[in-house]
Amino acid sequence: MDLGIKGKRALVCASSKGLGLGCARALAEAGVALVMNARGADALEAAAADIRDDFGVEVTTVACDVTTADGQAEVLEAAGEIDILVTNAGGPPPGVWSDWDREDFIAALDANMLTPIALMKAVLPSMMERGWGRVVNITSQSVRAPIGVLGLSNAARTGLTGYVAGTSRQVAHAGVTINNLLPGIHATDRAVSLDKGVTEAQGISMEEAKAQREATIPARRYGTKEEFGAACAFLCSQHAGFIVGQNILLDGGGTNITM
Ligand code: NAP
């Protein structure tokens, strides 16, 4: 399917690896020029070089922490006038409800709620003026059904979800859509670190931790970053202009809910 976005320009945050990289590659395949970001310059440059080689699109890299005000200013400056924004950052650490104090919550809110809000606030006016824009926020299945060990994620991402629900309906008239993609477990470094937490808590091997988690997923496997990226690229396509303010689960059926 031609996504109809060849020649558009996208900022994809936290995109040297994992789900962000999946989104960057799928957009590049559709002919979108990219501004990519991550903290570590080596992996970022390697991912950007692969994308230039594979898809022939222009890729600019910005190595910085996107959860800081300085980092946001840096990526926005490099991005200039963009048509597509994909927000993403690392997820908060696991624990239990009694572990976290105010500083932990502030860090999680900064990374997983206030950063995407700041980026949207910066780019939405220009998208609206030009009459076209797409924003996809990478959130988590934890906004639909809480994950006990990820209380910081449950809290911060639900705050972002509320903001998007209200804001998306105020910008849609100008041809700008905002939607959230909610990953369930995907085979990325994040999944490895979550599985490692299980091995430590339960005294089991990585293989056992993975098998145990896969058994809870109707699809009986972890998702891939390629599948995730394809869904993101579709939401950013010309075909998705009537999809507004939605929270789309990509979880192999793992979240046991009706709607
Ligand atoms: P990942 O494989 O660990 O990749 C994270 C990417 O983000 C890397 O490129 C990393 O590069 C970059 N990054 C992290 N923190 C950053 C920051 N502060 N500023 C700029 N770049 C940053 O993670 P993932 O699995 O793709 O997960 C992406 C998001 O989805 C996370 O918020 C995660 O919690 C959420 N999620 C993932 C899953 C899953 O199963 N994978 C499930 C639910 C939710 P650097 O480290 O070099 O900065």
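1. Before the strands: two of them count as paired if DSSP finds at least two bridges between them. Helices (H or I, at least four residues) and strands (E, at least two) are DSSP runs, numbered from the N terminus. Keep in mind that this is a predicted model, where local features need pLDDT of at least 70, side-chain atom pairs count only at pLDDT 80 or more, and totals for chains, interfaces and linings use all residues. Residues are numbered from 1 along each chain as its sequence is written, and side-chain values use heavy atoms, with hydrogens and water left out.

2. Now β1, residues 9-12. This strand pairs with β2 (residues 33-38) in the parallel sense, over four bridges, and L11 has V35 of β2 as its bridge partner. Between β1 and β2 the chain passes through helix α1 (residues 18-29), giving a right-handed β-α-β crossover. Right-handed here says that, with the strands pointing away from the viewer, the path from the first strand over the helix to the second runs clockwise.

3. β1 also runs parallel to β4 (residues 84-87), joined by three bridges. Here V12 has V86 of β4 as its bridge partner.

4. Have a look at A14, in the loop between β1 and α1. Its phi is near 50°, a positive value in a residue other than glycine. R220 is another one to check: phi is about 55°, again positive, and R220 is not a glycine. This residue sits in the loop between α7 and α8 (225-235). For context, most residues other than glycine have a negative phi.

5. Leaving out residues up to four places away in sequence, Q72 touches V66, T67, T115, A118 and L119, where contact means heavy atoms within 4.5 Å.

6. Last, the helix pair α6 (residues 189-202) and α7 (residues 206-214): they pack at about 105°, with axes 9 Å apart. So α6 is roughly perpendicular to α7 (65 to 115 degrees; under 35 is roughly parallel, over 145 roughly antiparallel, the rest oblique). Axes are lines fitted to C-alpha atoms, for helices over the stretch in contact, and angles run from 0 to 180 degrees between N-to-C directions. Among the contact residues are V192 and V198 of α6 and M206 and A209 of α7.
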